Amino acid sequence: MTAPAVAGVTVQVIGGLMLSPLLPGLIQHWKARLQGRRGPSPLQPYRELRRLWSKSTVDVAGTTVVYRFAPAVVGACLVAAVGLVPVNAVRTNLGVGRDVIVLVGLLALARFVAAASAWDVANGFSLMGASRDLTMAVFAEATLLLALAVAAVLTGTTNLLGMIAGTAGGGVWSSPALPLGALAFGLVVVAETGRQPFDNPDTHLELTMIHEGPLLEYAGRDLAYLQWATAARHWVVMVLAAQIFLPHPRGVWAQLATLPFVLTLMCGALALVETLLAKMRVLLAPRLLGVAASAALLGVIARGVGGS
Amino acid sequence: MSAALYWLGGGAIAVGVVVTLFRAQWRRGLAVQAVGATVLMVAGIATVATGHTVGAAFTSQLTPRWGVDRLSGLFLATLGLVAAPALAYSSRYLNDSLRGRLVGALTGAFVLAMAGLACARDAITFLGGWELMSLLPAVIILLHRNADSESRRSVFIYLAITHLGGVGTWVAVLLLAHAGAFGTAGVIHYGSGLQIGVAVAALIGMGTKAGVVPLHAWLPRAHPLAPAPVSALMSGVMVKLALYAMIRVFVDWLGVLPTWFGVLVLVVGAVSAVGGITYALFQHELKRLLAMSSIENIGIMVLGLGACLLLRAHDETAWAALALAAALLHMVNHAVFKALLFLCAGSIEQSVGSLELNRLGGLLRRMPWTGLAFVIGAMAIAGLPPLNGFASEWLTLQALLHVAMSGHVGDGAAGDVALAALGATAALAVFCFVKVVGLVLLGPPRRAHVRDAVEVAAPMRAAVAVLAAACVGLGLVPGLLVSRLVAIAPWSGQAPAHAGVSVPGTGSLPTVGIAVVLVAVTVALTLLRGRRVAATAPTWASGQPIVPALAWSTAGFTKPLRLVLEVVLRPRREIDVHTDGGVVTEVAYAGEVPNLIDERIYRPVARWSLAGAARARRLQSGSLGTYVGYLICLVLVVLIAARIGWLG
């Protein structure tokens, strides 16, 4: 393996598995600052994970293997997703391939398992969150595929390495296709990470929960897995956004070097969005995603018009 | 060798059909049938693997001919794979009454009719197999349900729609035979009226049998009424044979079709996929829900077929072959998991006595074998890795993406929209089957009698276990099958024979790697979690006890989506609140999501037809005088025509 490949895999594994909780931590930290509070330190997610790690789990009466294994499966899905998303365009393979549509499948599996665990505990609040999450996923997944299609059409492949290499540099930004795809993907990032205006990650009111709902009955290490999975989901979609849908350099070392800055900037942007926007009515969210989907579709058409 | 195997398999089923009729031997008869189906599957797999054709080639002559090539072999293998467990399952599912034995025998005959259709090499045998395949399930449904009013009405709708639409099949097949193009490519010219006529007639006729929207109205009515093994065969194989016929006509015989036809097929596929799963989501009876989801899956296959036609028209033959392989792979996969789910539904019905989703629950503990198989089937049909449904949806998505990449603006946009539709379909399928798993298997039992449910007999468990294993196996090594499937296209594409699917232009699908990572990490995390469990606690619902009356129902779980789609779906909802002196004494709730196509297309058409028939009936007054009058008028008209010179 070459040096950039070793560096790339190292950043991918260490960043995805260990540094990902920093992302929601940073967003919370800056959000508090923007709102005039001192707020928690960016390391707060790590403290939470440590606290949960030393606590015992809860066995809910009458549940089955579905409840028991759901956090581990969700964790495994996100581990596989982290292994799948490269941080620079160097040929590496961690055994799960490099295909972006496989990533969509892994995220769907995590969603299925979380919703099934909500049915297992039969808690109305969990199910309410799960049903909203699944409703939003219908529109988010279509939009996600359309946004990815823009990048795939531009680069001629769904291989993430090819997509990162193909969208690098300034040339692709001369046509309106990629900006339109980036707009759509930006909204998908907000929806997938469960942030405002789609979901409020700070809520402690069960009635308003979406992504948090199915987590209600978990405690201890189970909950730690699920919270880590949420952080890892931030990592996966934000790395994709940074290395495909935002301007990034061609050099594989430069791609590694700019990544932390772009991720930090994106955390700032998400904090700003969370501060400026209130959570929208859950039934209106699909419309916003519909706008994003139309933008992505326009992107593919724009490329067709410009390319032929 | 292979031909002998086919005859052996078919013969064994035929012998089994006869033996099934005898009271003392009927279980043995079903076992013989199952063995025959297994032999058929082995022979089919051999043909798919080697590519050697057996028997006669296609002919436009009207003399009966039989033969098997790779495409037929694939469908025969699928038929055997579904029929063998279904027939073994029947030996405990049916009882030894005359009706039960007749249903068992007719199931075998139904299998033979479908095998005959797949082997037919001339127009007459083909159409004969086609009609038998439509009629036998109708007979089975009427027998099984003792011809009650619901079954009579549903069978009438089934036969009426499949025969009205089926005219298209006759027209297409006979036109092809007349032109000498039944089995011969290159006879019909590109863009000629004949090509368009045959293609449209075939899309209508075979689309009706496949159950694509808007020609699907019979499917959710007929499939749930049949006994579970027959439902499995109908959804698993029968509707696929319509896809087989479409592939024969569109891909093998008509040559390259105009791109607008490819776009039309894509639209039909996308509407079927999204429409089917949306209405499946709002069903509250398990078998009806499964029937609706068959429409969705047929839609996904039609999407693959449409992508194949478009890519071929753009001369991207490698991807066109992959698109066809995607449709065929999904055909095999759907046959396996839909048969699995229907058989599980039959087991649950036998054990609990109801398939009303809101009245089940907690069955995973009570029926662990059936329950676990059901979970695997549900996850496979929801298109989740690492099971088989994901592999075929992945390949279909890739094919659609390549349509979008083709560089042509209009077709590219169509491919892109179809891609989004398939993405939404996959997410809806996750929604739908999480709901089913939750309502049927998880949570506390929602009715008292569900609490006493027990696991079904061993052959029924074994049948679903075999199919569940097939879901896992096909999910692990889809690449081995794909490498054979791409060779089915007449322009023969190529794919390497790996376990996973690796195609240039994609990041490849290393199925085994994904499965190993998922399982290994799950095990590792479970071990890390340890066993430090605090005392068992009840579910915390703000201090409220979780009682059946408060349990979440299908209507509650799907409500957010129903509200979002309210403008399109127009759900009906009625709430009656009875108050007595200001105190609410009773609240009655009724809600449903009516099928738009039924309401907006079928109902008006049926009304107009009945009104027209009522008018036409006045001509038949029954009085002799009127008829004599008609005759005199006819003679006068003929005389006048002859006098003017019209008749020469």
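Is V568(B) buried or exposed? In this predicted model, V568(B) has 9 C-beta neighbours inside 10 Å. A residue is exposed if 12 or fewer such atoms lie within that distance, so V568(B) counts as exposed. The residue lies in helix α22 of chain B, which covers residues 566-569. Its C-alpha is 8.8 Å from that of L596(B), and 28 residues separate V568(B) and L596(B) in sequence.

Confidence was computed for the chain and for the model. Chain B has a mean pLDDT of 91. A pLDDT of 70 or more is reached by 99% of its residues. The ipTM is 0.95 and the pTM is 0.94.

Chains A and B touch each other. On the chain B side, 67 residues are in contact with 75 residues of chain A. Five elements of chain B each give two or more residues to this side: α13 (363-366), α15 (388-405), α16 (409-441), α19 (511-529) and α21 (559-564). The most comes from α16(B), with 17 residues. By residue class, the side of chain B that touches chain A divides into 47 nonpolar, 16 polar and four charged residues.

In chain A, helix α8 spans residues 177-192 and has 16 residues. From first C-alpha to last, α8(A) reaches 22 Å. This is close to the 22 Å expected at 1.5 Å a residue. Of the 16 residues of α8(A), 14 are buried, so the helix is largely enclosed by the rest of the structure. G194(A) follows α8(A) and has a positive phi, near 65°.

Notes
Residues are numbered from 1 along each chain as its sequence is written. Chains are lettered from A and ligands numbered from 1 in the order in which they are written. This is a predicted model: local features need pLDDT of at least 70, side-chain atom pairs count only at pLDDT 80 or more; totals for chains, interfaces and linings use all residues. pLDDT is the predictor's confidence in each residue, from 0 to 100. Two residues are in contact if their C-beta atoms, placed from the backbone, lie within 7 Å. Helices (H or I, at least four residues) and strands (E, at least two) are DSSP runs, numbered from the N terminus. Ala, Val, Leu, Ile, Met, Phe, Trp, Tyr, Cys and Pro count as nonpolar, Asp, Glu, Lys and Arg as charged, and the others, Gly among them, as polar. The expected span of a helix is 1.5 Å times one less than its number of residues. A residue is buried if 20 or more other C-beta atoms lie within 10 Å of its own, exposed if 12 or fewer, and partly exposed in between; C-beta atoms are placed from the backbone.
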